2 protein chains.
Amino acid sequence: MLTPESSGATTPVTTTASKLTKAGIEHMLPNSNGNIPGLAALDASKMTTTLTTTPRSVPEWNGAEARAQKTCTDHMVTARWTAEEGWEAPEMKPYGPLSILPTASVLHYATECFEGLKLYRGYDGQLRLFRINRNCARMRTSAERIALPDFEPKELEKLIIALCARDGRKWLPKERAGCFLYCRPTFIGTDAALGVQRPREALLYVILSCFPDMSKSLATPAPPAMTGAANGKPNTSSGLRLIASREDTIRAWPGGFGYAKLGANYGPTLVAQGEAKARGFDQVLWLYEKENWVTEAGASNFFVVIREKTSGKLQLITAPLTERIILEGVTRASVLELCKERLAEGREGVEGLEVVEKRFTMDDLVAAHEEGRFVEAFAAGTAFFIASVGLIHFRGKDLVVPTMEGESGIYTRVIKEWLVDIMYGREEHEWGVVVGEE
Amino acid sequence: MLTPESSGATTPVTTTASKLTKAGIEHMLPNSNGNIPGLAALDASKMTTTLTTTPRSVPEWNGAEARAQKTCTDHMVTARWTAEEGWEAPEMKPYGPLSILPTASVLHYATECFEGLKLYRGYDGQLRLFRINRNCARMRTSAERIALPDFEPKELEKLIIALCARDGRKWLPKERAGCFLYCRPTFIGTDAALGVQRPREALLYVILSCFPDMSKSLATPAPPAMTGAANGKPNTSSGLRLIASREDTIRAWPGGFGYAKLGANYGPTLVAQGEAKARGFDQVLWLYEKENWVTEAGASNFFVVIREKTSGKLQLITAPLTERIILEGVTRASVLELCKERLAEGREGVEGLEVVEKRFTMDDLVAAHEEGRFVEAFAAGTAFFIASVGLIHFRGKDLVVPTMEGESGIYTRVIKEWLVDIMYGREEHEWGVVVGEE
């Protein structure tokens, strides 16, 4: 519950600034979120372009270089912001290292946020981005949470599209229909002042990286050595193998920042993730509180298909956004919307289901499993796409998820196909944004 | 409660590695915390030295340049680590920007931790560090939590001392007795792979920065414009003005990482801190849970002196470390130890007190205040040192802390003097580590 005073503290600074003296306004500048009258706004139309003179070769699709996830395309886009001037003109320039002072805010106080989206080469030969407006809007929300300056999401969209248009033709050629590049908009506090304070200087940048197709590599059964590490049992199930988080490791909490795509949500999960991998699992299933509320799987949202006990109806269930402890995934939203639209009634031999955002616990899953009501589970996110879950290891027990047809269940497969069709231009859909090529 | 299985997951990798094949060991390397047999350990004795050819001038003590907190001394120490080789030879070299790839782990996943300590110029002419062993041990704990590699804390101590010895004579000259430089050991994940995973490359570095004396600047009453912003009331109290955190903003939680000095603990507090400053307060007093447990003040530990209701005895109280939601401050530990040793009995007209680490709530403070039992409050940390607290704003009400003698209460003043005497060499003490000068 917010007291009237607490609500007052959320009043945007721009509203109160008009009541203040010039000194007062200057004092408040670093507390505001950009777009102040008199400060330049982010403006993609001002972008300057310096092309590379040392173009690099494009790695093989899904080859070793792509799997290393270190290779970016020839160019990147950067845009610098200062509290004094606002946004400088963005620059398209050769990809290369950033020069960052050892005192920079991002290196000490994690003043950083990012986005992840993919550039798809369609089967119709066109390049597409998927719901880019959602990523750019979320980037603004994340920036606000981590005290980085404000910008118009539409301008970030233009910068992303400009980079994709520049490097798409060479790095994702028409022969690679059904393939993608990974786009990573990143925003960091570059203020060189060591004090713990809102950065007065920041850098927004966009890079395009060669990525492996992780939805496939992870659905592959773990190698024998790793299966052995997981309780010595053979790997009988396909799909992702999840291990429930330990009670002493919590990913996010109400009043925190689990809903925002901040670096601070990822680094602190790496120890648990490393332990999970060393034990032969693919990802951690993040639980919350003593009740073991199920929240996210790795860095993806988590869905289950369960037959409701009393009504006997099928439900597609995922954790709700209300507590702000999970990320509002673009894939998550798309799954929910598509299933509401296309699966409410059932079709072509596929039973209809109800789409439900609600809290559910590991006990709910265990009970559903014991009673034969647990139908499917999958993780959904940009990097891993729609990844079938085959097993959940929870407090010493393996919950093997029934998969109806080989590698993934029917709902997982249908949802994945629908999304693939939109992403790769088999279906004309407003979510698939065509990118022109230079 | 940990299940046996959960405990198993904490087993150090080095213990299980011997059971594995070579392939298994290689797989597990990125999950381990350095110091693996066959990988080089951090070794200060291997340090190479390249001195600057463009020495800079030293800013005025507490002047504008120092207040900007952007100026570092002529040199820095860096040490690179890779999962393949371990620690490379540390380098003493000219201070300057780092070249960091746009995909570096630290810029996306906040794989970063740091320490803060001061180099003091004693009244006896000598340079001293204060309990440097504690900072280096904590840095190792922080690194472990954020999936950065392990090192021997003693080696980090040597690197810090080497830098202080190199730049101390010029940047903190003998004329500046009673002054200090701020030392910032920093550890970042520099792995260029974009995947969410333990960094396979990292950089440890140590810098020395010119800092203002914040314990004084913050104890000064806020300027008139800012006093006006805080409920329009004149600033009648001296000392820090704290505002209790809102119910929708929580700094740390059990199962998280509030005990470690990670960037991820700082960036997410900047919005609340900026709002506090805009309203005329110095820092946020971080509360936890519905009970409003009092945890930290800004980025410092928080202490109160209260007369216990039933016994009538004075108590020095600070939040306990048991839940791992607060930082185990070096200053915090020193205050506790000194007071246990020197104030249990009372001395020289100062009433004795009991030292207590326990949970306490805002309601406890309000009740003590109403009943005339609230004696003093102060924040304790390296950056702000011992800073008297004058006011706590909580849910629309001001709790003015009685201060017995002008700027700070007697306990705050006595504790500060004891520490100053050790830091600046007025008292010979094992906590004051003398640094030789080059």
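Which residues are linked in a network of salt bridges?

Mentor: The model is a predicted one, and the network of salt bridges in question joins A:R131, A:R134, A:E328 and A:E337. Over all chains, the structure holds 60 salt bridges.

A:R332 and A:E357 meet through their side chains, with 2.8 Å from N to O. This pair links distant parts of the chain, since A:R332 lies in helix 11 (residues 330-342) and A:E357 in strand 16 (residues 354-357), 25 residues apart. A:R332 counts as buried because its relative accessible area is 2%, under the 20% cut-off. A:E357, by contrast, is partly exposed at 36%.

A second pair, A:K309 and A:E371, has its closest N and O atoms 3.2 Å apart. Here too distant parts of the chain are linked: A:K309 sits in the loop between strand 14 (300-307) and strand 15 (314-318), A:E371 in the loop between helix 12 (362-370) and strand 17 (374-381), and the two are 62 residues apart. A:K309 is exposed, with a relative accessibility of 55%, whereas A:E371 is partly exposed at 38%.

A:E341 also forms a salt bridge with A:R342, the closest N and O atoms lying 3.9 Å apart.

Terms used: Residues are numbered from 1 along each chain as its sequence is written. Chains are lettered from A and ligands numbered from 1 in the order in which they are written. This is a predicted model: local features need pLDDT of at least 70, side-chain atom pairs count only at pLDDT 80 or more; totals for chains, interfaces and linings use all residues. Side-chain values use heavy atoms; hydrogens and water are left out. A salt bridge is a side-chain nitrogen of Lys or Arg within 4 Å of a carboxyl oxygen of Asp or Glu. Helices (H or I, at least four residues) and strands (E, at least two) are DSSP runs, numbered from the N terminus. Buried means under 20% relative accessible area, exposed over 50%, partly exposed in between (1.4 Å probe, protein chains only).
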